[in-house]
Each structure stands twice: as structure tokens, then as C-alpha cells.
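Hi everyone, thanks for coming. Today I'd like to talk about charged side chains, so let me put the structure up.

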Amino acid sequence: LKIDLSPINTDFGTSYSPSTNSSSSSAKKVTTETIDFIEIALDRLSTKISELDKTASNAYLSMSKRSKAYQSEIEAVTSQITLQNRAYSAYMAKANSIGLSESWANQIRNGSLNIADITDDTLKEQIKNYQTWDEKALDAKNAVSDLEEKVIQLKTAKIQLEIDVKADKLEQIEAKYDKLQSKLDLRDSFSQLGSEKDYKTLNKYVSQQIKNLNEQNELVKQQQSIVKKGSESWYEYQSTIDSNSSSIQSLTKSMVENAQAMAELANTKADNKVDTYDSADELLKARIENSSSYKKQNSYINKEIANIKNRQKAYDAAVSTNKSNLNSASKKITKTKQTKGSKLDKTYNSIVKEAQSCVKNKKEISGSLIQKAQSLYPDFARAMAEYNAQLASYNTSKATADLYRETSKQDKIDLAKQKSDNIETYYSNRQKQISQRVQEINDNISIIEAEGYAASKEY
């Protein structure tokens, strides 16, 4: 809303001497016209502001229309402040033109005058006229104070409208996150693993939430800057900022946990396979214990040896997968380009440079650096968290695979010896059985010959 205020002359005098000359009459005429113009303009502005206020507060209208209405209302109220200030000057000029002495005028302004004590009719009339214009001036001054407060309210309300839009968007993101998390929880209850895609999507939602909360905080800081520092409203805004910041910290923790869960998928799959082979070995050992055939025993042992190889394959597969994932996570950081320009770019570049140095040296990125990036660049913070998780997972799987490769060597030697012992035991027992049978035959021959008979050819 634009109102041309140029016709209004604000160069009003602070005092006027009573006079009947033409110049005084001309001054009074101009002042009266000016006052009429101001009051008409104020009435029109009040009507327009009322219309804009209805539009701005109408929840059924689009946010865009409401935001524009708020801005127009702020401009209209600002114009109204200008007019009220000019009205104040005009009213005071009109009061001063009456010609009342400062002594009487001061008594009127501080409320100490009792008009009943005045006996001079001319002075009484002057006092009444001065009171009329002084009250109008005071009303204008009070109106300015109220309007200045209204501008603050409108500015904060306009910003709050933007915050509400972001809050609605945040609820939508949270709903998507909760739905996917519930899906993963259900899979977990059936001992099923989530997918890498699921965890990446979870962290995408986390980054969106953090970005949204950071944007809300910036808007709340704008609201906070409008009100007086230390006021009740200022502390309320600070409480909102602190609450959002706390939520960001919790989301950062969730982001790291999701990244770790995603990075551990390959290791968990390997562990599950190894558990299966361990269970199979328990059954094989029981069968070996209950079998009397060395051939069956050794066939079971061969399966145990095969399971050692299967375990190693499972561990090596985890290492291969983790190495590939680590390379992908590393590239996201090493290929991130630094920017030029603002102070924020310098902060961003320092974060990128430090992160890239860690990746180059295959070192973990500090949590403080991730936290620093989180409030400004949540997507890059997510990339750093995922790199850390993949690095840890790769190192764990590599150590596990290497350790098992060494310890399984002795296991295979022990199993091979067990096979050999089974064969040796079998033939040793067989030899004893043959020797025992030979002894029995020789004893029978000796008995027969002692009785004077010759042993048959069967012996």
C-alpha cells in the first residue's frame, strides 16, 4: 500500500503568538488542511490494514498470499506510524498556535491545572482549545507506540508463517523416517537384515530434518533480533533455538548409528554364515563321535575342513564388499570441490580440506568436525559419517579375515591328523584282530596234535 505523503508539511512551529494578521490566518488555514489530509489518510490506512490483517490471518489461503499480505500490512502500518508522527507535530503546532503561555501549557500537559480556578473567559477558551489539541497529540503519540509494537508482531508473525511451513514439512519427513524405521524394526524381529538402500534412505531423511531445523533456527533468530534482548519473548525464542539444536544433536547420533548399521551389513551377513557353519560342525562332531566307521568319520571331517574354507570365503567376501563401500564413501569426500566467495565458503572449505586429508591418510574423521559441518552442511556431514562407518567396518572385517586365516591353519592340521589317526586306529585294530585269530588257530592245532591227530588242511 502506497500513500503519497508529500503534500503534508511537517515543518510546524512549536509556538505561535496570537495575532490577527493575514500571515497568521494563512498558517492556520494550511495547518487545518494538513490535519484534515492526515486524518483522512489515517482512516483509509486503518481500513486497508484491517483488510490485510484478515487476509494474512486466513488459514485457508495459500502461504504465498498470506506472506504477501503480511508484508503489505507491515508497509501500511509503517506508513501509519509516519502519519501519526506527522499528526502529532500538526496537533502540537495547532495547540501552540493558540498563543497560550508555556506556564499554562505545562500545567495542562502535567495535569496540575484546575480550570475551575480560572475566571478569565478568554483564557479558559484558550485552555480548552489547547487541551483539545494536546489530547489529540497525546493520542497520536500513543498510537505510534502501539503501531511500533504492531510492526514487531507483524514481522514476527510473517516469519512464523515461514517457520510453520517448514514445521509442516518436517512432520512429513519425520513420518517417512518413522515408516521406514518401523519396516526395519519388523524385519529385525524376524532376524532379517535391512538393505543398504534402506539405511541410505533413512540418513537422507535425517539430513533433510537437520537442514529443516537449521533453517527454522535461522528464522527464529530473525524473530529474536526483532524483540528486545532479555525480554520474555527473546527467551522464548532462545528456548526454541535450544530445543531445535538438541534435536539436531539427537539426529546426528541417529545418522551415525544408521551409517554404522549400513556399514556392518556385510560383516553381519558373514557372521550369520559362520554361525551356520558352526552349527553344522557341532552336528558333524556328534556324528563322528557316534560312528564306528573310519570312512564315515573321515567323510565328516572332510566336511569340517570344507566349512573352514567356507568361513574364510564368508570373511573374505565381507572384506571385498566393505572395501568397495569404503572406496565409494571416500570418493564422495575426495571429489567434493571447494568453493570461493563468502565467509561461509571459507568455513566449508576448511571442513572439506580436513576431511579429505583424513581420507587420504585412511584415518577416521573427528566427531567434532562432523558436528561442525552438521549445522551448516548436513549432506557433507552425512558423507563423513558414512566414511567413518565404512572405514571401521572394513578394518574390522580385514582383521577378522586375517586372524581366521592364521588360526584355521592349525585347525586344518588338527583335522588332517584326526583323519590319519582314524585310519591308523582302524588298521591297528584290524592287525590285532588278525593276530588274535592266528593265535587261536595255532592253539587249536597244538591241541589236536597233542591228542595224536594230524591237523586238517583247513587249519
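I'll start with confidence, then go through some charged residues.

Please keep in mind that this is a predicted model. The protein chain averages a pLDDT of 87, and 91% of the residues score at least 70. Residues 1-30 are another matter, with pLDDT below 50, although the model gives this stretch 38 contacts beyond near neighbours in sequence. Where pLDDT is low, the predicted coordinates should not be read in detail.

Now to the charges. A search of the whole structure turns up 17 salt bridges. Which residue is buried yet has no salt bridge? That would be Asp134, which sits in helix α4, residues 121-189. The nearest side chain of opposite charge belongs to Arg109, 5.4 Å away. Arg109 is still a contact of Asp134, as are Met92, Ala95 and Ile108, leaving aside neighbours within four places in sequence.

So who does Arg109 pair with? Its salt bridge goes to Glu102, with the closest N and O atoms 2.3 Å apart. Arg109 itself is partly exposed, at 37% relative accessibility.

Let's move to helix α11, residues 378-450, where Arg405 and Asp402 lie three residues apart, about one turn of the helix. They form a salt bridge, and the closest N and O atoms are 3.2 Å apart.

Definitions and conventions. Residues are numbered from 1 along each chain as its sequence is written. This is a predicted model: local features need pLDDT of at least 70, side-chain atom pairs count only at pLDDT 80 or more; totals for chains, interfaces and linings use all residues. Side-chain values use heavy atoms; hydrogens and water are left out. Helices (H or I, at least four residues) and strands (E, at least two) are DSSP runs, numbered from the N terminus. Buried means under 20% relative accessible area, exposed over 50%, partly exposed in between (1.4 Å probe, protein chains only). Lys and Arg count as positive and Asp and Glu as negative; His and the chain ends are not counted. A salt bridge is a side-chain nitrogen of Lys or Arg within 4 Å of a carboxyl oxygen of Asp or Glu. Contact means heavy atoms within 4.5 Å. pLDDT is the predictor's confidence in each residue, from 0 to 100.
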